[in-house]
Amino acid sequence: MTNSEFEITGSASSASSRLVPENERVVVTGIGVVLPGTLSVDRFWANISGGRSQVGRLTRFDAEQAGLPVYAAAEIDGFDHHPFLPELTDAHAAKYSREILITMSALAEARRDAGLGQDAVDPRRLGIVMSSSRGPFGWWRDVLTGADPGAFGDKGAMFRGLPGCPASLSAVYTGAQGLVTTVSNACVGGHQAVQLALRELRSGAADAMLVGGHEFPIVPEVAACYRAMGNGVLSSERREPSRAVRPYSNDREGFALGEGSVVLCLERESAARRRGARIYSEILSAASLNEAAHPTTMDLTGKVTASVIEDALADAGRGAGDVDYFCAHGTATRYNDIAESRALRALYPERTATALPPLSSNKPVYGHTFGLAGIINVAATSLMIHHQTIAPTINFTTPDPECDHDHVFEGPRPAKVDLAVSMSFAFGSQTAVVALGAPS
């Protein structure tokens with residue numbers, strides 16, 4: 001062993017300093033999913049790869065009564081946490097919210113999918129990082145409007161009102177004693193949660209991290225906020241809710257609201273290999289940038305986003321010419337769609353539109369989930385690498401002339417996917433990307 005091969009690291013979350021390889025790889029070994037019509041990683045892959053939209057008719061609130069022309073959403077119907085959380089007593093569960101129980105279930109499923117048993121990792125070296133754009137907004141909405149007059153009437157109110165409780169109560173349930181925290185940074189939060197977890201693992205502070213997102217925005221006030229931004233932001237599709245979200249199409253109307261939770265199990269590769277874990281993908285790098293420019297509109301030249309992608313690829317020791325696929329933010333809003341297309345053109349200035357790498361969006365399947373969106377992207381991209389198949393962008397009609405490149409409209413495409421990049425953009429002038437690779 002030489003000093004160039006290993007470094008001594010430690011943190012408050014580890015019992016002692018550890019010898020960790022300098023270039024230790026981080027891999028995805030588990031995926032837990034609780035989304036509309038989706039309670040397993042296999043169903044998630046079937047819906048993503050098969051283009052099976054889970055966006056349907058909005059039922060969570062009365063849009064007509066609210067005066068909102070919003071008719072489509074991706075809703076979770078009738079969720080039962082018991083199969084996922086068998087050790088959680090009903091007395092404890094009664095103190096938690098639907099959001100907490102769904103997130104805890106996704107996390108428990110990620111750990112089960114990874115095969116990460118209670119004895120597989122030192123609890124002091126297992127952490128949790130979550131992302132949520134708005135936290136328990138629905139609960140607070142009911143409290144402040146009087147829709148739930150008894151909301152403050154029991155000790156569970158403290159749990160239900162805190163945005164960090166899905167993470168902290170998951171830690172109590174699963175025994176995670178490392179870093180446990182929640183990021184709230186709009187739509188880039190999921191990628192930033194991955195970035196934080198990557199730092200914990202590479203520093204030697206953790207052996208495994210459970211990284212996820214949870215978002216439950218289907219309430220009239222959130223819909224009203226996006227409708228106030230004008231037409232083309234939140235879809236008003238009424239006749240065919242499953243076709244409400246149409247990225248890169250000339251007749252797009254915007255996104256539909258979606259809800260749920262997805263959690264990834266990230267591990268240092270050496271630990272995963274020791275226990276014979278199945279590996280979906282490798283997290284090569286993550287990069288985040290605040291443009292410090294317009295608060296609601298991303299860079300429309302494409303150059304800033306291209307530079308962030310280049311930084312992430314350079315950190316991974318790769319280049320733009322190596323990328324096989326881009327998982328888009330893909331909100332079906334005009335600025336997002338053209339900004340992504342221009343970013344690809346800036347990244348590959350010598351290529352024609354037809355020669356750009358394929359780029360697809362999963363938001364027509366699950367809607368826009370804000371703080372959860374980046375985690376869905378990383379989960380979907382990990383599975384595309386695992387199955388060597390690119391998932392399509394569904395609901396395409398006629399392409400926007402600025403988006404006349406490869407969006408995999410024809411359906412799932414078998415392909416060599418060795419290197420992929422997931423992109424996200426957010427209000428506040430934020431851009432974040434995660435680069436993923438095939439496990440070696």
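## Pockets, helices and sheets

User: Which elements each supply at least two residues of the lining of the largest pocket?

Analyst: First, the terms: helices (H or I, at least four residues) and strands (E, at least two) are DSSP runs, numbered from the N terminus. A pocket is an open set of points on a 1 Å grid over the protein atoms alone, with protein on both sides within 12 Å along at least five of seven lines, while a cavity is a set where a 1.4 Å probe fits but cannot get out; lining residues have an atom within 4 Å of a point. α12 gives the largest share of this lining, three residues. The elements that each supply at least two residues are α12 (334-347) and β16 (419-426).

User: Before we go on, what should I know about the model, and which residues lie closest to the centre of that pocket?

Analyst: This is a predicted model, where local features need pLDDT of at least 70 and side-chain atom pairs count only at pLDDT 80 or more, while totals for chains, interfaces and linings use all residues. Residues are numbered from 1 along each chain as its sequence is written, and side-chain values use heavy atoms, with hydrogens and water left out. The largest pocket has a volume of about 530 Å³, a volume being the space filled by probe spheres set on grid points joined across faces, edges and corners. Of its 28 lining residues, the closest to the centre are Met229, Val233, Thr296, Thr333 and Phe427.

User: How many residues of each class line the second largest pocket?

Analyst: The second largest pocket holds about 420 Å³ of space, and its 18 lining residues include Arg98, Gly138, Trp139, Asp142 and Val219, which lie nearest its centre. Two or more residues come from each of α4 (98-114) and α5 (137-145), with α5 giving the largest share, five residues. For the classes, Ala, Val, Leu, Ile, Met, Phe, Trp, Tyr, Cys and Pro count as nonpolar, Asp, Glu, Lys and Arg as charged, and the others, Gly among them, as polar. The lining of this pocket has eight nonpolar, two polar and eight charged residues.

User: Which residues line the largest cavity?

Analyst: A search of the whole structure finds one cavity of 30 Å³ or more, and the volume of the largest cavity is about 30 Å³. Its lining divides into six nonpolar, three polar and no charged residues. Those residues are Ile48, Tyr325, Cys327, Ser360, Ser361, Asn362, Met384, Ala391 and Pro392.

User: How are α1 and α14 placed relative to each other?

Analyst: Axes are lines fitted to C-alpha atoms, for helices over the stretch in contact, and angles run from 0 to 180 degrees between N-to-C directions. The axes of α1 (residues 41-50) and α14 (residues 373-387) come within 11 Å and cross at roughly 85 degrees. Angles under 35 degrees count as roughly parallel, over 145 as roughly antiparallel, 65 to 115 as roughly perpendicular and the rest as oblique. The two helices, α1 and α14, are therefore roughly perpendicular.

User: Which residues of α1 meet α14?

Analyst: Contact here means heavy atoms within 4.5 Å. On the α14 side are Ile376, Ala379, Ala380, Leu383, Met384 and His387. By class, this contact has nine nonpolar, one polar and no charged residues. On the α1 side are Val41, Phe44, Trp45 and Ile48.

User: What is the phi of Ala186?

Analyst: Most residues other than glycine have a negative phi. Ala186 lies in the loop between β7 (180-183) and α8 (189-203). Its phi is positive, although Ala186 is a residue other than glycine, and is near 55 degrees.
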